[in-house]
Amino acid sequence: MAQPLFRAPAGTRDILPPASARRRGLVRVFADLADRSGFSLLESPIFEELGVFQRLGANNDVVTKELFEFFDKGDPPRHLALRPELTAGVCRAFAEHRPTPPWKIWYSGPQFRYERPQAGRYRQFEQVGVETLGTDDPHADVEVVGLGVRFYEALGMRQVRLLINSLGDSESRPAYNAALAAYLQDRRGELSEQSLVTLERNPLRVLDSKREQDQPVIAEAPVMADFLSGASAEHFAAVRAGLDSLDAVYEVSPRLVRGLDYYTRTTFEFVADALDTAQNAVGGGGRYDGLVEELGGPPTPGIGFALGVDRILLACDAEDAFSGTAPPVEVFVVDVADGRSAVVLCDRLRQAGLGVDRAFDGRSMKAQMKRADRSGATVAVIVGPDEQAAGTATVRDMRPGGGQRQVAADDLVAAVTELLTGGVQ
Ligand code: AMP
């Protein structure tokens, strides 16, 4: 067989049917939940000016190493980047349009990071997420985190753990950062080479290391909880109490810091225990009370999360959850006359709201019935030369024990609908 000339670029892949339908189904479950919770869809550009993402933090891998950057053809050229995540774009949109707060939005779409591809880690991956901008009410945190919890439940997932922490505010952070840096410097001899580099740039991120060698040092590191200001401690207590009132199970994880630098106060992560790879985080988020201001907007608190669709689906596979939706084809039209009837009948049935497919190329009855079987359709509509001449069609129930009957073409929609809504005939 001839080799293909091109393949999908490293870290990307084609999502073929039926996996693609299952993905769309998952996004629909999320969209439905978000819509019903008062979040509205925001569609923002897939690329932004580079500066938008640089606000995510100068010491951040996502910004320093993983951006897909490019110049456009402008004069002078603009420095742009494919979005590595959506929170920065949402805050840019807020600063640009100044909607009335609280602004509750949800989104879904592809993100791009130049990472080393491995199981569950891609260079193009999809996220769904929500953001609530313009309130620092701890109950907004509870609503956001709770929505994540309910989403995994709606997919039928049972092995997702919620970890939460508070990273404190601008009052609590400096003292903690100083204590942590001093501690890590003290034990630098035990840290991995990579963590030593991270330590110079951002001591907090050392806590994010998954390397075996770093774990004993991380386990004894000072925790933020001991440094929280009164206001931050109170906020965190209110968030926990709210989650308790929803019976949402969580673990306070005092060393949870997460990858992006902009988080303040509430941070959280959803971990899928069914995934035994290093990439078992299926979502995460937190508060970013300074980000809108950094992007030139008014001081605006915000909280949100992004969930990784690709990894959620891997976790669903691992725990046998969310098998996907039923095939959308309900009716298969088989035309063994000259194909003209199939053109009209498919259109008529589709206009009536039914899922309808057909074969092409004047295939034999046997070949077309095989296609009908494979399509998963419940009903086959068959037209041969006799039916075509008489203006009728045969309606066949494809379920085991199903029969068939002839109907006038004009009665076809009614007959098929009756069969689909009723039982086996
Ligand atoms: P983050 O924006 O880094 O907080 O990531 C949020 C979620 O997106 C993670 O928990 C993952 O589920 C998913 N995610 C992040 N990076 C990748 C990637 N390179 N490939 C697949 N999923 C990812």
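Student: Okay, which strands each supply at least two residues of the shell around the ligand?
Tutor: Those are β6 (124-133), β10 (281-287) and β11 (302-308). Keep in mind that this is a predicted model.

Student: Got it. And where does the largest share of the shell come from?
Tutor: From β10, which gives three residues.

Student: How many residues surround the ligand, and which are the closest?
Tutor: There are 14 residues around the ligand. The closest are Arg 113, Glu 115, Tyr 122, Arg 258 and Ala 281.

Student: Let's zoom in on Arg 113. What lies 2.8 Å from an oxygen atom of the ligand there?
Tutor: A polar atom in the side chain of Arg 113.

Student: And Ala 281, which part of that one comes up to the ligand?
Tutor: For Ala 281 the backbone does it: an N or O atom there sits 2.9 Å from a ligand oxygen atom. Gly 283 also has a backbone N or O atom by a ligand oxygen atom, at 3.0 Å.

Student: How much of the ligand does the protein bury?
Tutor: The protein buries 91% of the 490 Å² that the ligand exposes when taken alone.

Student: New topic: Ser 229. Where does that lie?
Tutor: Look in the loop between α9 (215-219) and α10 (230-245).

Student: Is Ser 229 buried or exposed?
Tutor: Buried, because its relative accessibility is 7% and the cut-off for buried is under 20%.

Student: What is Ser 229 in contact with, leaving aside its neighbours within four places in sequence?
Tutor: Asp 169, Glu 171 and Ser 172. With Asp 169 there's a polar contact, side chain to side chain, at 2.9 Å.

Student: And Ser 172, how many residues apart in sequence are that one and Ser 229?
Tutor: They're 57 residues apart in sequence, yet their C-alpha atoms are 5.3 Å apart in space.

Student: Last one, Pro 18. Where does Pro 18 lie?
Tutor: In the segment before α1 (19-36).

Student: Why does Pro 18 count as exposed?
Tutor: Because its relative accessible area is 67%, and exposed means over 50%.

Student: What separation do the C-alpha atoms of Pro 18 and Thr 325 have?
Tutor: Their C-alpha atoms are separated by 9.6 Å, although the two residues are 307 residues apart along the chain.

Key. Residues are numbered from 1 along each chain as its sequence is written. This is a predicted model: local features need pLDDT of at least 70, side-chain atom pairs count only at pLDDT 80 or more; totals for chains, interfaces and linings use all residues. Side-chain values use heavy atoms; hydrogens and water are left out. A residue is near a molecule or strand if one of its heavy atoms lies within 4 Å of it. A polar contact is a pair of N or O atoms within 3.5 Å; within protein, one must be able to donate a hydrogen and the other to accept it, and residues adjacent in sequence count only if both atoms are side-chain atoms. Accessible areas come from the Shrake-Rupley method with a 1.4 Å probe; for residues, only the protein chains shown count as cover. Helices (H or I, at least four residues) and strands (E, at least two) are DSSP runs, numbered from the N terminus. Buried means under 20% relative accessible area, exposed over 50%, partly exposed in between (1.4 Å probe, protein chains only). Contact means heavy atoms within 4.5 Å.
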